[in-house]
Amino acid sequence: MTGVRIEPSILSADFTALAADVARIPSADLVHVDVMDNHFVPNLTFGLPMVQRLLQVTDLPLDVHLMIDDPDRWAPGFAEAGAAVVTFHAEATGDPVAVARAIRAAGARAGVALKPGTAPDVVIADLGEYDQVLVMTVEPGFGGQAFQPAMLGKVAAVRAAIGDRDVWLQVDGGIGPETIGPARAAGADTFVAGSSVFGQADPDAAVRHLRGLAAS
Ligand code: DX5
Ligand code: ZN
């Protein structure tokens, strides 16, 4: 299994002070950026212009999590802008492999995400096309929800299918000191954490704490 990556989610940061909040997490491996369109999920955040601006104020790589309809139309633009990883939902497109290829062609790692109710078969059949599989451990749309332990079996199934491939296995939703250990044990290597990082007085200490728990 590869090393551990910790990705604080700015969904739980201060939207009026994003540059300052991102500067408070220097120990993070990537910054997780949740783009929501109020169609694929019942919540609305921000789009490409905000991501372009964020790229100008941090040296940390960005992982853009697209919770939007029509990723075929929108995903390549986030890669062209300079995001290191662009992750779209398998449920939002009829052709996830084509979206992943467009993301790679635009210069980013291609991630594919699965809602809790989506079986992993759709991505396991084409694992060579993806650089990251995101197993959602809550219903996408909001921070601060409780981790769903029933997702651990899906994490383990995807881990077994990945084998030796350089595919990151990410979990997102309810990750904190109580849940990162079981998620790691099931095979995840890339951990999104929103409220358990930015909800703390010292977010960088929270990142380091989570990394230590995942490594032990
Ligand atoms: C939820 C988002 C998550 C969110 C996680 O739909 O995809 O990235 O920020 O927040 P926590 O870590 O608080 O569950
Ligand atoms: Zn997310």
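D70 is partly exposed, with a relative accessible area of 39%. Partly exposed is the range between buried, under 20% relative accessible area, and exposed, over 50%; the areas use a 1.4 Å probe and protein chains only. D70 has a positive phi of about 60°, although it is not a glycine. It sits in the loop between β3 (62-67) and α3 (71-81). Helices here are DSSP runs of H or I with at least four residues, strands are runs of E with at least two, and both are numbered from the N terminus.

This is a predicted model: local features need pLDDT of at least 70, side-chain atom pairs count only at pLDDT 80 or more, and totals for chains, interfaces and linings use all residues. Residues are numbered from 1 along each chain as its sequence is written, chains are lettered from A and ligands numbered from 1 in the order in which they are written, and side-chain values use heavy atoms, with hydrogens and water left out.

N38 is another residue other than glycine with a positive phi, near 60°. Its place is the loop between β2 and α2 (48-57). N38 is partly exposed, at 44% relative accessible area.

**The zinc site**

Which residues hold the zinc ion (ligand 2)? The protein donors are H32 (NE2), D34 (OD), H65 (ND1) and D172 (OD). They lie 2.1 to 2.3 Å from the ion. Donors are N, O and S atoms within 2.8 Å of the metal, or 3.2 Å for Na, K and Ca; water is not among the atoms, so sites may look incomplete. The site has six donor atoms, with angles of 72 to 174° among them, and is octahedral. For six donors, that label requires opposite donors over 155 degrees apart and all others between 65 and 115.

Along the sequence, the donor residues follow the spacing H-x1-D-x30-H-x106-D. D34 and D172 link distant parts of the chain, 138 residues apart. D34 is in strand β2 (residues 31-36), while D172 is in strand β7 (residues 168-172). D34 is buried, at 4% relative accessible area. D172 also counts as buried, at 10%.

**Around ligand 1**

Ligand 1 has 19 residues around it. A residue belongs to this group if one of its heavy atoms lies within 4 Å of the molecule. S9, G141, D172, G194 and S195 come nearest.

One is 2.7 Å from a polar backbone atom of G141. A backbone N or O atom of G144 lies 2.9 Å from an oxygen atom of the ligand. In S195, an N or O atom of the side chain is 2.6 Å from a ligand oxygen.

H89 lies in strand β4 (residues 85-89). It counts as buried, at 0% relative accessibility.

The residues it touches include D63, V64, G111, Q132 and L134. T87 and Q132 are 45 residues apart along the chain, with 7.7 Å between their C-alpha atoms.

| Side chains | Distance |
|---|---|
| H89 and E91 | 2.9 Å |

**The nonpolar cores**

A nonpolar core is a set of buried Ala, Val, Leu, Ile, Met, Phe, Trp, Tyr and Cys residues joined through side-chain atoms within 4.5 Å. The largest one holds 61 residues. I10, V33, V86, I103, V133 and F191 touch the most other members. A second, separate core of five residues includes M36, F40, V41 and A92.

Leaving aside residues up to four places away in sequence, F191 touches V4, I6, V171, I175 and A214, among others.

L62 lies in strand β3. L62 is buried, at 1% relative accessible area. Its contacts include V31, V33, V51, L54 and V85.

Technical notes. Contact = heavy atoms within 4.5 Å. Tetrahedral: all angles 85-135°; square planar, octahedral: opposite > 155°, others 65-115°. Polar contact = N/O pair within 3.5 Å; in protein donor to acceptor, adjacent residues only side chain to side chain.
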